[in-house]
Amino acid sequence: MTVTLTEDTQLLGNVVVVGYGTQKKEDLTSAIATLSPKEVLKSPGGITDALQGSTAGVNVSGGKIRIRGTSSITGSTDPLWVVDGIIDASGNIPNDNEIESIQVLKDAASCAIYGVRGANGVIVVTTKKGAEGKPKVSFNAYAGFGSNTSKVEMLNPYDYAVYVNELYYNSSDATAIANGTWNKTVPTGVATPSNPLGSTDWWDEYFCNTNYQKYDLSVSGGSKYASYRIGATHADNDDQMHIEDVKADNIYANVQGTVGRFTYGGRIFANYSRTNGFTGASLMNALQTPSNLPVYNEDGSLFLTGNNGRDGNDLVNQIWFLRNEKIRNHSISALGSIFGEIKIFDWLKYRLTYTYSFARNNDATLIPEYDLGTANGKQAYNSQSTTKGGSGHEIIENLLTFDKTFNDVHTLSGVVGMVSEKFDGWSTGITGRSNEYADFGPESRYPDSQNVTSSQYNEAYFSYLARVMYSYNSKYMITANFRADESSKFKKGNRWGYFPSFSVGWRISEEPWMKDATSSWLNNLKLRATLGWIGSANAVGRYDYQSVVETDNRYYTFGPGQINPEGSSSNASAPLIENFANPDLSWETTRDAGVGFDLDMFNNKFSLVFDYYNRKTTDMLLAVQLPKSTGNINTMYSNVGSMKNWGIEISATYREQIGDVKLTVSPNFSLYRNEITSLGSNASLAGGAVAGGSNVTMTMVGQPVAQFWGYKTDGLFRSDAEAANYVNSKGERLQPSASAGDLKYVDMNGDGQITDDDKTIIGSSLPNCSFGLNITAEYKGFDFSMLWQGDFGNQIYNNWKTELMGGYAAKNQMTDMNNRFRAEDVTFTTAGGEKITLPANVNTDIPRAVLNDPNGNHTKASDYFIENGSYFRCNRITLGYTFDKSLISKAHIESLRLYLGVKNPFTITGYSMFDPQVPNNGSTLNRGVDGAYYYSTSDTYWVNREFFAGLQLTF
């Protein structure tokens with residue numbers, strides 16, 4: 001599908017791009033939101049950033065987009081991207097200045113035409129085309145810089161040294177404290193807190209400012225027979241962790257023409273990206289490195305941290321990795337699409353479209369030989385890891401469209417067609433070692449301990465689709481869609497899924513009796529209702545309906561005491577079924593019903609869109625634990641369980657002109673509720689796996705998905721006597737290792753002991769509601785805009801806190817640790833002779849500092865780590881100026897706009913860590929868990945405060 005929209009502004013406002021076609025806005029009967037391309041051009045970040053806070057029912061967190069909440073428990077929640085009719089175009093999203101229109105399809109009535117591909121909603125993007133006339137040149141450019149919006153403050157050298165001394169003091173027995181020998185085991189580096197070896201803010205060493213720039217140049221034009229638009233883009237981004245120099249170049253072209261009854265056209269897009277820099281440094285380890293140590297020695301060499309006798313830990317200097325562990329990632333991708341359309345009759349057209357896209361990547365990581373002074377901080381060889389891969393995607397579409405008006409009031413339109421999709425991909429990874437070569441090179445230069453892994457896949461879909469739309473004088477509308485999908489993910493016999501949808505609309509404002517009563521203030525009132533079914537196969541792999549047999553290191557052992565894993569003469573090969581087949585696997589199905597209305601009043605000064613939806617997902621694809629009698633500990637995917645969702649979305653716009661000032665205010669509000677109604681044979685589903693092996697989310701029947709799961713606490717023990725008196729009916733202590741200042745865990749089931757059976761729901765990552773606000777003002781040539789957005793009523797499981805506020809080891813802590821519990825005044829003398837007096841502090845919720853944490857304050861998942869995740873953020877502020885044409889026409893300039901602004905200037909939140917938006921790569925079961933694997937920055941998200949400026953020029 002390629003849609004050409006003329007430059008008539010009234011037509012642009014009245015035509016909406018829908019699946020495989022267009023529709024007049026007044027004839028829409030489903031939930032479709034429109035985002036103006038101008039919103040994308042107001043600041044860097046593209047469509048994804050522009051959607052955040054501007055569209056009701058659309059949540060954007062860490063670059064991950066969710067439309068109307070959770071559509072699948074274990075499958076992907078990413079929406080389908082459709083660019084100029086090309087489906088699954090997420091890797092080929094157009095440049096900002098190339099966009100003509102953006103629609104978000106939110107309900108089954110609008111998405112069902114895309115079948116299984118549209119299970120999570122659809123984002124439809126149409127690009128600009130050339131127009132008849134002389135060539136027109138457009139140039140857009142912007143540049144900016146930024147830094148973290150928030151900073152995690154860590155203990156300074158003195159406070160850190162005092163903390164470590166108290167840590168050891170609190171873990172010492174009375175005798176050692178009485179005779180003063182307790183400080184003999186304290187790390188020597190904190191013996192004199194007032195005289196540290198150094199003073200380092202490791203946050204500042206880890207992060208730096210980021211800067212970026214982007215340039216886009218395009219030329220468009222055409223004749224009455226053909227039009228074109230071609231362009232090129234260059235982007236450059238220097239990352240904020242000293243490590244990545246990311247560059248990307250792309251070219252694109254749209255061509256379209258008409259000769260008689262035949263229309264032809266095509267689109268190409270090609271991108272080349274490369275990343276060069278450094279990686280491998282752990283942010284957690286950097287933050288925990290003692291602040292009383294330097295980064296470098298006086299001679300400029302790297303200071304070796306992690307000396308256990310001096311530092312009390314083995315944390316190596318992370319700056320080495322930021323300067324030495326190299327990455328080199330190169331990738332190319334390209335897309336080509338051509339179509340031919342013949343007008344059989346004035347009302348009937350046939351179109352054939354062929355699209356092929358591919359991607360290739362060549363990535364490498366190099367770790368030179370190093371010795372950072374600890375047992376785990378050395379590598380006696382150079383190592384290189386490479387990954388090379390590729391993918392392809394072929395689409396063939398045959399569409400027959402019709403659009404006929406009878407007697408000027410009856411309009412019948414629609415489309416029928418067939419779509420074929422094929423995917424293929426491959427990947428090869430090679431790791432190796434060398435003591436002779438220390439730079440990127442062929443894998444043959446790293447022959448030692450070489451390990452090779454590879455994979456390959458194929459996937460295919462075949463679909464029939466149909467849509468019929470009827471409108472009576474744009475007053476009564478009805479639309480019916482049907483999609484039949486066949487997927488290679490399922491066994492023959494279960495591959496087909498059938499997904500119909502229906503929607504109706506009534507423009508009640510067009511009724512004569514309504515016009516008579518409301519003509520002075522009502523411009524439009526349309527009632528809508530939808531019902532549809534849509535399928536999904538996102539939760540299963542390409543071959544989950546087949547069994548997998550493992551032969552590597554699988555043996556029968558004969559004779560006594562035979563445990564040799566390498567296979568001796570008494571061992572026989574024993575192929576083992578690793579995954580059992582489930583030939584009955586089939587589609588997840590979601591029934592989606594909704595009602596809504598569109599309202600325009602006061603000469604279109606005020607507009608309101610309201611939607612209520614109710615969705616039920618059945619035959620959910622979940623992993624089911626098999627009986628141990630099968631001899632297999634793995635799970636098997638099955639169609640079990642169900643889930644329901646409902647929500648309300650409200651979008652409003654108020655427009656006013658006061659003299660030369662034009663003001664537009666557009667708030668939006670959405671709330672979303674979720675409930676698990678069945679999990680089949682599963683009692684629950686654990687998620688939110690964190691470092692250490694715990695699961696901190698649980699999905700259960702009768703509750704929303706992925707509730708936080710752990711121990712409920714009842715504050716801190718205020719005295720040793722209170723801890724000792726926390727006993728059961730037998731007089732046995734519930735927490736034998738607890739003392740004053742430790743967390744008090746609640747015996748939820750009353751069995752007189754604290755066990756896993758006492759874990760309960762301790763919070764939810766699902767917000768009670770979301771709110772967005774877009775404000776725009778124009779005065780003569782000036783334009784000003786602000787975008788606000790927030791979530792309210794949700795919680796976050798702060799797994800960073802388990803270490804950065806753990807209070808159990810000689811590792812740096814957040815400054816909040818200065819407010820730690822102390823039952824009474826404490827005075828001690830350090831090994832260096834400094835006398836330290838610390839006051840009692842019982843009015844706090846921060847546990848005591850004690851070596852090795854005998855009560856498990858930092859290891860037990862509990863509500864101590866639950867924080868309020870509500871926030872309200874100003875996403876951007878932009879100020880622009882468009883020059884009057886009379887001033888620039890002499891220079892043959894058609895339009896010129898200069899602008900500057902700031903992204904994320906401030907956020908109102910009570911969350912203590914990096915950012916309250918916690919995406920977790922879009923995983924439903926891990927939602928809201930911040931820092932699940934805190935030693936990897938890929939699991940962590942933070943926004944930058946960015947200052948930018950740009951220009952938009954056409955001549």
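**View 1. Salt bridges across the chain, starting with Arg267 and Glu98.** Searching the whole structure, a predicted model, turns up 40 salt bridges. In one of them the side chains of Arg267 and Glu98 meet, 2.7 Å from N to O. Arg267 sits in strand β14 (residues 262-278) and Glu98 in the loop between β7 and β8, so this pair ties together parts that are 169 residues apart in sequence. Both ends are tucked away: Arg267 counts as buried at 5% relative accessibility, and Glu98 is buried too, at 0%.

**View 2. Asp346 and Arg261 join two loops.** Here the side chains of Asp346 and Arg261 form a salt bridge at 3.8 Å, N to O. Asp346 belongs to the loop between β15 and β16, and Arg261 to the loop between β13 (244-259) and β14, so the contact ties together parts 85 residues apart in sequence. Asp346 is exposed, with a relative accessible area of 63%, while Arg261 is partly exposed at 44%.

**View 3. Glu946 and Lys903, a strand-to-strand pair.** The side chains of Glu946 and Lys903 meet in a salt bridge, with 4.0 Å from N to O. Glu946 is in strand β50 (residues 944-954) and Lys903 in strand β48 (residues 895-909), so to speak distant parts of the chain, 43 residues apart. Glu946 counts as buried at 13% relative accessibility, as does Lys903 at 9%.

**View 4. A four-residue salt-bridge network.** Which residues are linked in a network of salt bridges? They are Lys526, Arg528, Asp598 and Asp611.

View 5. Phe262, Ile342, Ile344, Phe345, Trp347, Tyr350 and Leu352 make up a nonpolar surface patch of about 610 Å². Strands β15 (326-345) and β16 (348-367) each supply at least two of the patch residues, and β15 has the largest share, with three. Ile344 is found in β15 and is partly exposed, at 38% relative accessible area.

**View 6. An open five-strand sheet.** The strands run in the order β3-β8-β9-β6-β7, with mixed pairing. β3 (32-35) and β7 (86-87) are the edge strands; each has a single partner, so one side of each is left without a neighbour in the sheet. β3 pairs with β8 (residues 99-105) in the antiparallel sense, over four bridges. In this pairing Thr34 stands opposite Gln103 in β8.

View 7. Asn852 is not a glycine, yet its phi is positive, about 70 degrees. Asp853, not a glycine either, has a positive phi of about 50 degrees. Asn852 lies in the loop between β45 (835-838) and β46 (866-868), and Asp853 is placed in the loop between β45 and β46 as well. Buried or exposed? Asn852 counts as exposed at 59% relative accessibility, whereas Asp853 counts as buried at 6%.

**View 8. Cysteines without a disulfide.** The disulfide count is zero. The sulfur of Cys874 is 19 Å from the closest cysteine sulfur, that of Cys769, which is too far for a bond. Cys874 counts as buried at 0% relative accessibility, and Cys111 also counts as buried, at 2%.

**View 9. The whole chain, for context.** The protein chain has 14 helices and 50 strands. Its C-alpha atoms fill a box of roughly 105 × 75 × 65 Å along the principal axes.

Notes: Residues are numbered from 1 along each chain as its sequence is written. This is a predicted model: local features need pLDDT of at least 70, side-chain atom pairs count only at pLDDT 80 or more; totals for chains, interfaces and linings use all residues. Side-chain values use heavy atoms; hydrogens and water are left out. Two strands pair if DSSP finds at least two bridges between them. Patches are made of residues with over 30% relative accessible area and no salt bridge: like charges are joined within 9 Å, nonpolar side chains (Val, Leu, Ile, Met, Phe, Trp, Tyr) within 5 Å. Accessible areas come from the Shrake-Rupley method with a 1.4 Å probe; for residues, only the protein chains shown count as cover. Buried means under 20% relative accessible area, exposed over 50%, partly exposed in between (1.4 Å probe, protein chains only). A disulfide is a pair of cysteine sulfur atoms within 2.5 Å.
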